[in-house]
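The sequence and the structure come next.

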Amino acid sequence: MSATPSLAAQPRATFEFCSPQRSNYGDLDDRLRQAIGEAGGNELATASRRRASTERAIELATELLRSEGYYGGYVSHTETTDTNAPPHLCVYPGTRFTVDDPVIKWTDSLLLVNITNKPTSIEDEANIPPATASDIAPPNDPASNRTITYDTRVFDTAPPVRPADGRNEARNVVEDARKAIQLEGKPARAEDIIAAEARILRALREDGFADARAHPRQVHVIHPDTRSAVSSPQRDPETGEILTVPSADAEAETPGNETIARLAEQLHQELIGSTPPAQNVTDEANGAISPDSQNPLDPLQNGQGADGNVDAALPAPVPESQRYAGHTGNVVIPFFVIQAGQLVRLKEDVFLLGTDDISTSARGSLASRAETSRPRSDDRNTAVRDNRADEDTPRTRTRPKFVQSLVTWKEGDIYSPELLNRLEKDLSDTGVYNSVSVNLERPAQPIQTIEDGVAGPTRNTDTADTDALREVQVQLVDRDKKLLEAAVSYATQDGVGVELVQSQFNRFGQADTLRYVLRLADIDSRIGLDWTRPHFRKRGRTISASAFVVNEITDAYERQALTIDADVSERRGDKWWASVGLGLDTGRYAEVRYDPITQQALNLDRDLAIVTLRGAMRTDQSNDPLDPTQGWKASLSVQPTAVTGEDTVFFLRTVGDASAYYGLGEDDATVLAGRVKIGSIVGGDELVIPSSRLMYSGGGGSVRGYSYQSINPRLPDNTPRGGLGLFEASFEVRRDVRDHWQAVAFVDAGAVGFEATPNLSNMRYGAGVGVRYKLPFGPIRADVAFPLNKREGDSDFQLYISIGQSF
């Protein structure tokens, strides 16, 4: 009897090199075998499945070759008589190119307005000027005798050394840009060259050149056959002048029977998205062959043009006879064409677009802005327009003084993307805006008017000089002024909880939030309001206040009280927060306590007033506040408390909590998460301290598998008994299973004791599984948990449904 082979035992896809001549491909053999190993054979598969397996193997092999810089090769399927055999590929890698000696060509530009005073036919088509030149000369009037055209003069210029200021040392801008390339010796991949260009621009902007931009880049392909061809150029025997240099794109044959010209064309299509520049234009300056660029360097062209008459030649590259010297192997030399622009210094006053407050900003009048506003050209690094009087501009209820209070730079400080990003983040974090945009105003464009061949002085499209301070403009899109929300939660022991919240955003024009809350639940019901005001008189400082009428019913106590709280929190850096606050809790407490004399349950019914001074610190070092996969969080709360009324006591309640997250695999598909919590009360007796301030454990937020407070030691009637010491720990494995779904397995543990130090001798354990459905605002959570060492009165399992990860 023959056994049917298992799917896992089937052979993987195989390959062989089919090079016209023997070549050494290094470790490419092993890497190809590993890459195409994912496409295996299966003798039980259908013919369509085998074809799909073959196509997948070819796709994987081609992707690997391209990622390693191989061009001009091919991957094909070798047919066999065995229809059940795994795919067998014929692989010719082609020619491998690496990046060598990348070059940055620095440019700048000048807009030319050519005015010719001569009769023109009324049928002549009007020549529409760029938007930025409309205040220099009007568009053509067919009835006039003036013809206006627009050109751009491009010239070589490197950015200056960035001078030292109060907070930064002098910077060599050219050297910073050069270091940002990071391409030397890497495979010639389009994404790497594009990424290097982006790094150059980022380095320039970080050095203060906010308007830095890239023009169409060039890529030169060098092959060993071309180097031998250009090593001996023909010269005039009398003058020594170079007469001809064989083109790099001549019919030099590559090992794959493909000309270097075709490879160059393929590389250009891959690396710059166009055919390579022609190699037949003589460079008059040096007598060598140089590319003829057809790419205009018009600074106004970023997806838009002036009138099609722009004529701007790229800076001439190095002559071929010099360019190929010293290079070995097959290399690609990227020529990045970069316009750095001017070093930008900032005005301290920002301008808030779309405000209805036209009295004053923090340091300047807004009323006159509408009178002087002019249309501004779109640019991805600058503001769109001065919208003070534009009806299409979203209106904001925010006060300009509030925005100004968040500015972290001084008058004349050098531009940094971080400065604008910080302001944008501070505004976004308030939660009262749908969108926040912080940009620089449009830069001044150098322009020169030439009338009848006579050049006038160079000026700017704006009245400000190119060296003048630049204004930062802020555009805010407010959330709806009012929002009604509803939330539902469920737990086996806690029952159903329903919460209605009406929020009012930016009511006082300072990013404040006022919430009216109604919560109905089996354990904690309340009605009241809370108010939050971010950045109160200082960036990063938040004040909040709340007042609630509370009805709390638990197994250990019942409370009907009025609570009033006020807190001030302050951000310390980007990841740390500190807060202080004062709370008043006054009402009636019905408690079941332990009588140490009779060792029986004791019913207490007391009117108490509790005053609490709160201090806390927390940090969030994780990568996502809603669904972290890396990093850690920690918090510490200290609460000195005074109780008066039918009993008097002073005590200190301290709770510390920490959690950590570690992602495994691609995109952190598996996350290991852990949490530890420790609590302690010192200075008071268990019998006198109000039950609501004692330590409890159990439930969806602590030890799952147990009901709320059921981890605690119990009184003879099985009522939970509050403690003075607390310890909790949790461990979860979270695994992404498909698009938005995540599976979770977890173990929780906890203990409560009657000493200020945690007592681990009476630990309780729970374990379970759950699912998460991920949404933009956080995952929806459903967990089922089981007590591992249950006691009398504990349920067989607990079910929890809520929003957000458990920790």
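In this protein, 63% of the contacts with a separation of 6 or more are between residues 24 or more positions apart. The model is a predicted one. Its secondary structure consists of 10 helices and 33 strands. Of the 807 residues in the protein, 45% are buried.

## Nonpolar cores

The largest nonpolar core is made of 25 residues. Within this core, Leu 346, Trp 409, Leu 420 and Leu 427 have the most contacts. At least two residues of the core come from each of strand S13 (346–353), helix H9 (400–404), helix H10 (417–428), strand S14 (433–440) and strand S17 (470–478). Leu 420 shows how these parts meet: beyond four places in sequence, its contacts are Leu 346, Trp 409, Tyr 415, Val 438, Asn 439, Leu 440 and Val 472. There is also a second, separate core, with 24 residues, including Val 173, Ala 188, Ile 193 and Leu 204.

## Cavities and pockets

Rolling a probe the size of a water molecule over the atoms shows where empty space is left. In the whole structure, the search finds 3 cavities of 30 Å³ or more. The second largest cavity has a volume of about 50 Å³. Its lining is formed by Ala 556, Val 592, Arg 593, Tyr 594, Glu 686, Ser 691, Leu 694, Tyr 696, Leu 715, Pro 720, Arg 721 and Gly 722.

The second largest pocket holds about 1400 Å³ of space. It is lined by 46 residues, and the closest to its centre are Asp 429, Thr 430, Thr 532, Trp 577 and Arg 618.

Gln 709 is located in the loop between strand S28 (670–682) and strand S29 (725–738). Setting aside residues up to four places away in sequence, Gln 709 touches Thr 554, Asp 555, Ala 556, Tyr 557, Tyr 696, Ser 697, Gly 698 and Pro 720. Among these neighbours, Ala 556, Tyr 696 and Pro 720 also line the second largest cavity. The phi angle of Gln 709 is positive, about 75°, although the residue is not a glycine.

Asp 668 also has a positive phi without being a glycine, with a value near 50°. It sits in the loop between strand S27 (649–664) and S28. With a relative accessibility of 17%, Asp 668 counts as buried.

## Asp 530

Asp 530 belongs to strand S21 (residues 524–533). Its relative accessibility is 14%, so it counts as buried. The side chain of Asp 530 is joined to that of Arg 515 by a polar contact of 2.8 Å. Apart from neighbours within four places in sequence, the residues in contact with Asp 530 are Thr 513, Leu 514, Arg 515, Val 517, Ala 545, Ser 546 and Phe 548.

Arg 399 lies in the loop between helix H8 (369–372) and H9. It is partly exposed because its relative accessible area is 42%. Which residues does Arg 399 touch, not counting those up to four places away in sequence? They are Leu 352, Phe 508, Gly 509 and Gln 510. With Phe 508, the side chain of Arg 399 reaches the backbone oxygen at 3.3 Å. Arg 399 and Thr 355 are 44 residues apart in sequence, and their C-alpha atoms are 7.4 Å apart in space.

Gly 453 is in the loop between strand S15 (446–451) and strand S16 (454–460). Its relative accessible area is 67%, so Gly 453 is exposed. Thr 116 is 337 residues from Gly 453 in sequence, yet the C-alpha to C-alpha distance between the two is 7.9 Å.

Terms used
Residues numbered from 1 in each chain as written. Predicted model: local features only at pLDDT ≥ 70, side-chain atom pairs only at ≥ 80, totals over all residues. Heavy atoms only, no water. 1 Å grid on protein atoms, 1.4 Å probe; cavity = no way out; pocket = protein on both sides within 12 Å on 5 of 7 lines; lining within 4 Å. Points joined across faces, edges and corners; volume = space filled by probe spheres on them. Helix = DSSP H or I, 4+ residues; strand = E, 2+ residues; numbered from the N terminus. Buried < 20%, exposed > 50% of the residue type's maximum accessible area, 1.4 Å probe, protein only. Polar contact = N/O pair within 3.5 Å; in protein donor to acceptor, adjacent residues only side chain to side chain. Contact = heavy atoms within 4.5 Å. Core = buried A, V, L, I, M, F, W, Y, C linked by side-chain atoms within 4.5 Å.
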